[in-house]
Amino acid sequence: MSPHASWSRIALFAVALATVPLVQAAAVPAKAEDGKPYIGGAWLVEKPAAELKTVEGKAPPLKPDAAAKYAKRKQASKKEDPVALCLPNGVPRLLNANKPIYILQKPKQVTVMYQENHQARLLYLNLPVPKGDDAPDPTYNGMSVARWQGNTLVVDTVGFNDTTWLDDSGLPHSDQLSVVERYDLVSPDRLRVNVTITDPGTFTAPWQTQVMYKRQPEMLGLKEDPCAEKLWTPPTASGAG
Amino acid sequence: MRRLQSVSIGIITAVLGFGLSAPGAAQDGAKPAGAAGKKEQPASSADPRDFDGVWWTPGYDRKFRPVEGGLPPFTERGRREWQHNVDADKAGTPVADAPTGCLPHGIPRLLASPYPIQIITTPGLMTWVHEVNRNQRWIYMDQPQNLNLPKSYLGHSVAHWEGDTLVIDTADLNDKTRIDEEGINHTDQLRVVERIRKVDGGTALESLITITDPVMFTKPWTTKRIYKWRPEVRVEEYACEENNRNAPENGVTRAK
């Protein structure tokens, strides 16, 4: 599809919307440009989980040391929460943030933009999971590669540091964490994410949890979320001179 | 890691108050992001209106100056506030502004950042994913500007094409950021228009940035930035809040 053609169509749509005060999204297409299910646009988590459970509704299979760490963390001050310091949430905690996300779907890269503390995850399609010498430096949100498996977007993320919490309650993990997310459009307006968490440093076995998103069809883009204002108030121009 | 090298250079320049003589050196020596970073990517699209991909300024200049040279056309207040900030830099007590506290850089200051930018076009939108402090820039295509939105760090950007030049109009900016790192201030009456086109056979973007703020400047003025096509580069995670070495203390940026 030529970009010129698509822009002229959007321009026509914009004229139709000229009297609408807010920026509004175009109609949701049935398929993405490469024929894959269209998961692009704005979404909001349906029921943010503060404390992760397995899909069977059970507590995650923590090893004894990790269980002790978790119990201690639950007693600790909220100030120790990395998210309270405006650090990146980590995965899968970021999926449960109660703010909209916006998915930019392209054939070679799916980019998930999170309103929560202006985070982004760049999911590179059809590349191998980096290992050995290619292993990425550890980061909060890790490094992600993705592939379409039928109508499911499968996202592999590795290269996590051990700073983040897996959920708001402080569920711990080690730097051996790897996460597989499976994104399925269960209806045009609902996106299911099945999450498999593997971390031999923390859990006795891999386990799965689930996040559901609901489409926000009116939203185009995301609002600014300047988290660091909670930590510091910058001076204004008039205050400087 | 690229961010630490670049941040330390930023601190040195901020504290000593001189321009960076060898811009880009630290970033260019950076390790690509894992296996994916080594993978070849296709060249920039031949379509002059397709900006999708990673772009990176080839040099860092912490000052914005008019393309015709000299200082911006300051009002008396604009010049006084700029001089105050420059003097504070020279005294080793640079005045803190929003990005030193991990807040968004503001427009146009963000446009000078020495970090990569990935541009992603989707229906109705052009999204700029900036590495520096995870700035997210949403640009709404072919929409009217709305001057009544709440003020924000990055404001409200709308864009349209004039031939093969993308014209971005940004308004609704708050007054917590600066025009540039050196210390040109602005008020919330700031409005910024960027005129961006591909140059050098599609290997670079040229952006002419016109700045209007009747409180700080006697007339609009235009500055310029170039961004090089960098297909081998990936935007990496940036965690400003981790060990922020130029965190503000009592309104002053302290290098640690």
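Reader: What pLDDT does chain A average?
Author: Chain A averages 89, where pLDDT is the predictor's confidence in each residue, from 0 to 100. In chain A, 88% of the residues score at least 70. Over residues 1-21 of chain A the pLDDT is below 50. Beyond near neighbours in sequence, that stretch has 22 contacts in the model (contact: heavy atoms within 4.5 Å). This is a predicted model, in which local features need pLDDT of at least 70, side-chain atom pairs count only at pLDDT 80 or more, and totals for chains, interfaces and linings use all residues. Residues are numbered from 1 along each chain as its sequence is written, chains are lettered from A and ligands numbered from 1 in the order in which they are written, and side-chain values use heavy atoms, leaving out hydrogens and water.

Reader: Why is Arg109(B) called buried?
Author: Buried means under 20% relative accessible area, exposed over 50%, and partly exposed in between (1.4 Å probe, protein chains only). The relative accessible area of Arg109(B) is 10%, so Arg109(B) is buried. Arg109(B) sits in the loop between α4 and β2 (117-122) of chain B. Here helices (H or I, at least four residues) and strands (E, at least two) are DSSP runs, numbered from the N terminus. Leaving aside neighbours within four places in sequence, Arg109(B) contacts Phe64(B), Asp97(B), Pro99(B), Arg178(B), Ile179(B), Asp180(B) and Glu181(B).

Reader: What makes Val67(B) partly exposed?
Author: Its relative accessibility is 48%, so Val67(B) counts as partly exposed. Val67(B) lies in the loop between β1 (53-56) and α4 (76-90) of chain B. Not counting residues up to four places away in sequence, Val67(B) touches Leu208(B), Thr222(B), Thr223(B) and Lys224(B).

Reader: Why does Phe203(A) count as buried?
Author: Phe203(A) has 3% relative accessibility, so it counts as buried. Its place is the loop between β8 (190-198) and β9 (207-215) of chain A. Setting aside neighbours within four places in sequence, its contacts include Pro60(A), Pro61(A), Leu62(A) and Lys63(A).

Reader: How do you know that the span of α4(B) agrees with what it should be?
Author: The expected span of a helix is 1.5 Å times one less than its number of residues. For the 15 residues of α4(B) that gives 21 Å, and its end C-alpha atoms are 21 Å apart, so the two agree. After the helix comes Gly92(B), with a positive phi near 80°.

Reader: Which residues of α4(B) are buried?
Author: Gly78(B), Glu81(B), Trp82(B), Asn85(B), Val86(B), Ala88(B) and Asp89(B) are. Down the axis of α4(B), these buried residues fall within an arc of 160°, so they line one face of the helix. That arc is taken from the directions from the helix axis to the C-beta atoms. On the other side, Glu76(B) and Lys90(B) are exposed. An α-helix has 3.6 residues a turn, so residues three or four places apart point the same way.

Reader: What makes β5 (residues 143-149) of chain A largely enclosed?
Author: 5 of its 7 residues are buried, so the rest of the structure largely encloses it. Strands pair if DSSP finds at least two bridges between them. β4 (residues 119-125) of chain A joins β5(A) by 3 bridges, and the two run parallel. Tyr124(A) stands opposite Val145(A) there. β5(A) and β6 (residues 152-158) of chain A pair antiparallel over 7 bridges. They form a hairpin with 2 residues between them, and Gly150(A) in the turn has a positive phi of about 65°.

Reader: What covers the description of β2 (residues 101-105) of chain A as mostly covered?
Author: 5 of its 5 residues are buried. Ile101(A), Ile103(A) and Gln105(A) lie on one side, Tyr102(A) and Leu104(A) on the other. In a regular strand the side chains alternate between the two faces of the sheet. β2(A) runs antiparallel to β1 (residues 41-45) of chain A, with 3 bridges, and Trp43(A) stands opposite Ile101(A). β2(A) is also antiparallel to β3 (residues 109-114) of chain A, with 5 bridges.

Reader: Which residues touch the most other members of the largest nonpolar core?
Author: A nonpolar core is a set of buried Ala, Val, Leu, Ile, Met, Phe, Trp, Tyr and Cys residues joined through side-chain atoms within 4.5 Å. The largest has 46 residues, and Phe51(B), Ile119(B), Met126(B), Trp128(B), Leu166(B), Ile179(B) and Phe217(B) touch the most other members. A second, separate core of 35 residues includes Trp43(A), Leu62(A), Ala66(A) and Val112(A).
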